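Hello,

Here is the structure for you to look over. My notes follow below it.

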Amino acid sequence: MKRTWQLMVAALATAASAAAAETEITFYYPVAVGGPITRTIDQMSADFERENPGIKVKPVYTGTYQESIVKALTAHKAGQPPTTAILLSTDMFTLIDEDAIVPFNELATGADDQAWMKSFYPAFMANSQAGGKTWGIPFQRSTIVLYWNKELFKEAGLDPNRPPATWKEMLEYAHKLTRRDAAGNITQYGVQIPSSGFPYWLFQGLTTPNGVELMNAAGTETYFDKPEVIEALAYWVDLGRKHKVMPTGVVEWGTTPKDFFERKIAMMWTTTGNLTNVKNNAKFDFGVAMLPQARRRGSPTGGGNFYVFKKAPREQQLAAVKLAKFMTQPERAAQWGIDTGYVAVRPDAWQTAKMTEYVKGFPVAAVARDQLQYSVAELSTHDNQRVTKALNDGIQAALTGAKTPEQAMKDAQAEASRILRSYK
Amino acid sequence: MHKSSAWIHGWLLLLPAAALLALFTHWPIAATIWDSFHATPKGGRPAPWVGLENYQVMVADEVFWKSLVNNLWYGLGTIPLSIALAIVMALWVNSAMRGRTWLRMAFFTPTVLPMIAVANIWLFFFTPQYGLLEQVTGLFGIAGRNWLGDPSTALACVTVVAVWKEAGFFMIFYLAALQSIPPSLAEAAALEGASRAYYFRRVVFPLLMPTTLFVLVNAVINAFRLVDHIVVMTKGGPNNATSLLLFHVYQVGFSFWDTGYAAALTVVLLVILGSVALAQFFFLDKRVHYQ
């Protein structure tokens with residue numbers, strides 16, 4: 001019976017004009033396994049379809065960010081790209097250079113569209129605009145914050161409600177929070193800044209407060225060998241190698257929250273995206289603070305943006321813009337932030353009833369938001385992953401003692417200049 | 001049947017396999033070699049011919065040389081260790097004893113697990129301070145180390161994971177080979193008063209040689225192929241200390257999107273593997289005793 005019905009509909013559809021056909025958009029979303037996040041995305045897509053009859057959304061879960069861009073760009077090269085995808089904000093220049101995406105200005109031209117593109121935090125737009133055009137719309141964005149264990153603070157005789165505000169203070173605190181056993185082995189470290197995989201991001205949590213940016217807005221120049229950058233790296237290296245208040249060598253990003261739960265470290269630097277994880281797993285009272293300042297406050301932003309692919313048909317692209325608008329409405333942005341721990345991407349999301357209620361019960365959720373006014377763009381240039389690798393290698397070489405901070409940054413800068421010379 | 005029709009018949013039988021091989025092996029190899037002489041196409045423009053430039057870049061690429069040297073050490077570590085361990089485990093589970101099935105299963109488990117899962121488990125073994133390894137060394141009062149974060153130990157750590165993963169798989173082949181050795185040989189050796197070590201060295205080991213050749217070929221291939229755990233455990237760090245050739249190819253191809261250069265690196269990998277395989281078949285094959 002159902003079969004006949006489907007056949008009839010199919011026959012009718014063929015008979016009808018093409019204009020009545022549904023627009024289907026494929027939506028690549030970076031998540032590796034099913035779970036609460038895929039359920040939320042499925043729910044949002046279903047809500048969108050109900051509100052926009054005639055548009056069908058097909059979410060495709062594409063693994064990590066790295067796997068997602070590999071899939072999206074390979075599909076683009078084969079001529080069958082997704083309509084839209086959430087990819088790292090830092091992949092913007094790569095996607096532009098591959099001629100894979102269209103700017104939102106071309107698709108969203110109405111007055112309310114203009115207002116929509118202006119509704120986000122400027123710190124998030126820094127990684128979303130280039131050459132006067134908006135290429136990405138912030139969706140799941142994050143920033144680095146400092147988590148501290150209030151119990152260990154108390155044991156060390158520190159005020160459990162007062163996080164370190166400056167680099168000097170963080171070092172002093174870390175000295176007090178580092179413990180040794182009878183044999184002199186360290187059993188608890190004062191602070192931990194992870195350095196595996198993408199140390200450049202955490203490093204920006206040091207260079208930004210030290211008053212220096214790592215690249216220009218056009219993504220054609222880097223400043224890795226500026227004295228402030230070298231100074232920031234020296235501070236990081238010294239925490240481990242000189243002061244012995246942080247584990248030496250390269251510290252794994254993935255196990256850092258676990259180290260914190262196990263009370264092996266008293267303070268950790270990690271993403272706000274870990275907030276829900278820490279809330280659920282820390283068996284002690286913890287605090288969340290902005291990163292300590294040197295010359296100023298500051299932290300890089302991170303996370304993923306909406307992109308619309310160039311080779312998709314125009315009506316699909318327009319539908320994708322509708323989807324991006326729908327998903328970033330204040331109410332939805334607020335709910336998304338509460339569910340995941342990402343920073344709600346626009347100021348008016350924080351004024352919704354839902355969000356004010358949430359922040360009242362869990363005030364640390366607002367720390368990331370308050371830090372945004374001091375935040376800068378995450379390192380992103382042309383040939384981005386190659387340039388970041390040059391910096392990552394330099395940072396790791398310094399942290400493991402293979403090079404001095406100065407040498408490491410000079411080498412990284414030389415490599416980056418060589419890579420970027422063709423984009424000048 | 002005519003001679004020519006037999007000839008056609010033979011080729012027709014070969015055709016399905018040959019076509020699949022050509023499509024999925026020979027054609028990609030030829031295309032890769034062709035691509036390695038071109039620059040990377042950007043934004044839909046065709047790729048210009050650059051001749052040997054990609055290979056010149058490679059000579060100057062420090063990460064490439066580092067990866068190559070790392071890969072040699074990785075091979076030198078994984079190949080003999082996994083084969084030796086496989087033989088020892090096979091001999092052990094081949095003897096008559098209680099709980100033999102359980103032991104066999106335990107040894108084989110690492111093979112069944114996906115490499116990504118294995119890497120995640122080992123990540124916590126190597127975790128400083130409270131990881132399994134630290135807890136064990138801590139019992140003996142040895143000071144803690146940052147195993148994966150220190151360039152002097154990181155490569156050894158990822159090698160151990162690969163050995164752990166592979167040995168159980170190779171054990172299965174040795175176990176099969178051991179069971180095909182007639183027991184009369186052991187009885188004859190015992191009657192002659194040969195020690196167990198002598199019997200193993202002069203009788204069992206030579207009889208295992210065909211298996212050893214097969215396992216060796218696989219171990220060599222795996223030494224260049226098994227890099228999944230690098231992605232999870234170190235991402236080639238610290239400072240390229242654990243970057244292996246195939247990992248470097250992946251990074252250049254799918255992180256940097258420099259497909260031309262990635263093709264040139266792949267050709268080098270092909271040449272290395274091809275020559276090792278040829279050497280194994282031509283030289284070693286003559287020394288292997290088939291029953």
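Chain A has 424 residues, for which a compact globule would have a radius of gyration near 22 Å; the value for chain A is 23 Å, which agrees. That radius is taken over C-alpha atoms, and the globule rule is 2.2 Å times the number of residues to the power 0.38.

Some conventions. This is a predicted model, in which local features need pLDDT of at least 70, side-chain atom pairs count only at pLDDT 80 or more, and totals for chains, interfaces and linings use all residues. Residues are numbered from 1 along each chain as its sequence is written, while chains are lettered from A and ligands numbered from 1 in the order in which they are written.

Chain A overall

The C-alpha trace of chain A spans about 85 × 50 × 40 Å along its principal axes. Chain A contains 19 helices and 12 strands (DSSP runs numbered from the N terminus: H or I of at least four residues for helices, E of at least two for strands). Of its 424 residues, 48% are buried (20 or more other C-beta atoms within 10 Å of the residue's own; exposed means 12 or fewer, partly exposed in between, with C-beta atoms placed from the backbone).

Helix α3 of chain A

Helix α3 (residues 65–77) of chain A has 13 residues and should span 18 Å at 1.5 Å a residue; its end C-alpha atoms are 18 Å apart, which agrees. The expected span is 1.5 Å times one less than the number of residues. Buried residues in α3(A) include Ile69(A), Leu73(A) and His76(A). The buried residues of this helix pack against β1 (23–29), β3 (84–88) and β12 (301–309) of chain A. After α3(A) comes Gly79(A), with a positive phi near 90 degrees.

Chain B and the interface

Mean pLDDT for chain B is 88, with 98% of its residues at 70 or more (pLDDT is the predictor's confidence in each residue, from 0 to 100). For the complex, the predictor gives an ipTM of 0.80 and a pTM of 0.85.

The contact between the chains takes 27 residues from chain B and 28 residues from chain A (two residues are in contact if their C-beta atoms, placed from the backbone, lie within 7 Å). On the chain B side, α5 (115–125) and α11 (245–255) each supply at least two residues.

Ala162(B) sits in helix α7 (residues 151–179) of chain B. Ala162(B) is buried, with 27 other C-beta atoms within 10 Å. Leaving aside residues up to four places away in sequence, Ala162(B) touches Thr78(B) and Leu226(B).

Regards
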